[in-house]
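Hello,

Here is the structure I promised to hand over. My notes on backbone angles and charged pairs follow below it.

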Amino acid sequence: MAGGHMKYRQLSRDSAHRQALLRNMVTSLIKNESIHTTWHKAKEAQRLAEKLITHAKKNDEIAHRKAQGILYNPHENMPKLFGEIRERYLNRPGGYTRVLRTEPKDKYDQAASAILELVDGPKDMRFAMTAAAVARDRKLGKRHTDLTTKNVAKVTRYRHDGRDEFEKMVGKIEELGL
């Protein structure tokens, strides 16, 4: 079916290999909160990670069993998923992950690369970049652009004590003098 709608990307792998790849990537995402991979793999892993976090928010027996079926090393990763990550996203209606395009990871094949990360976490790239933009604007005495203002609202919206944490990050960047 040329040009038709696909339910998922096959990633040039058979079903078992693809499932193992995605489970491994989601397990690494829960463990490290950020992974660097190809863009297509990141988009597929994002779908599975969003479903897993939605199940974790329910915090019932069915959710625990589904998480055990997805995660490798569930005894190591389930406490973090049902503890820290569940609490972080309890009031968020969706959109727990973000895919950021990057330069190709491998210069040989030039595959489109991306970073898959959990939003509102300690490794949130947009939070740090927005804080750097605000610190730069303050140093130069310029007004914030509309995009910067929108990004400030986005990164502080669902984060617990978002404005305070954001101001701390801006202060740290101003101290560094970047």
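One cut-off first: a residue counts as buried under 20% relative accessible area, as exposed over 50%, and as partly exposed in between. At 36% relative accessibility, R47 is therefore partly exposed. Bear in mind that this is a predicted model.

R47 forms a salt bridge with E44, and the closest N and O atoms are 3.5 Å apart. Both residues sit in helix α2 (residues 39-58), three residues apart, about one turn of the helix. E44 is buried, at 6% relative accessible area.

Next, E33. It is found in the loop between α1 (15-32) and β1 (34-38). Most residues other than glycine have a negative phi. E33 is buried, with a relative accessible area of 4%. K80 forms a salt bridge with E33, at 3.4 Å between the closest N and O atoms. K80 lies in helix α4 (residues 74-88) and E33 in the loop between α1 and β1, so the pair ties together parts that are 47 residues apart in sequence. K80 is partly exposed, at 21%.

D120 also deserves a look. Its phi is positive, about 60°, although D120 is not a glycine. D120 lies in the loop between β3 (113-118) and α5 (125-140), and is buried at 9% relative accessible area.

The salt bridge count comes to 13. Among them is R136 with D137, at 3.5 Å, N to O. R136 is partly exposed at 42%, whereas D137 is buried at 2%. Shared partners also join R98, E117, D124, R159 and E165 into one salt-bridge network.

Best regards

Methods
Residues are numbered from 1 along each chain as its sequence is written. This is a predicted model: local features need pLDDT of at least 70, side-chain atom pairs count only at pLDDT 80 or more; totals for chains, interfaces and linings use all residues. Side-chain values use heavy atoms; hydrogens and water are left out. Helices (H or I, at least four residues) and strands (E, at least two) are DSSP runs, numbered from the N terminus. Buried means under 20% relative accessible area, exposed over 50%, partly exposed in between (1.4 Å probe, protein chains only). A salt bridge is a side-chain nitrogen of Lys or Arg within 4 Å of a carboxyl oxygen of Asp or Glu.
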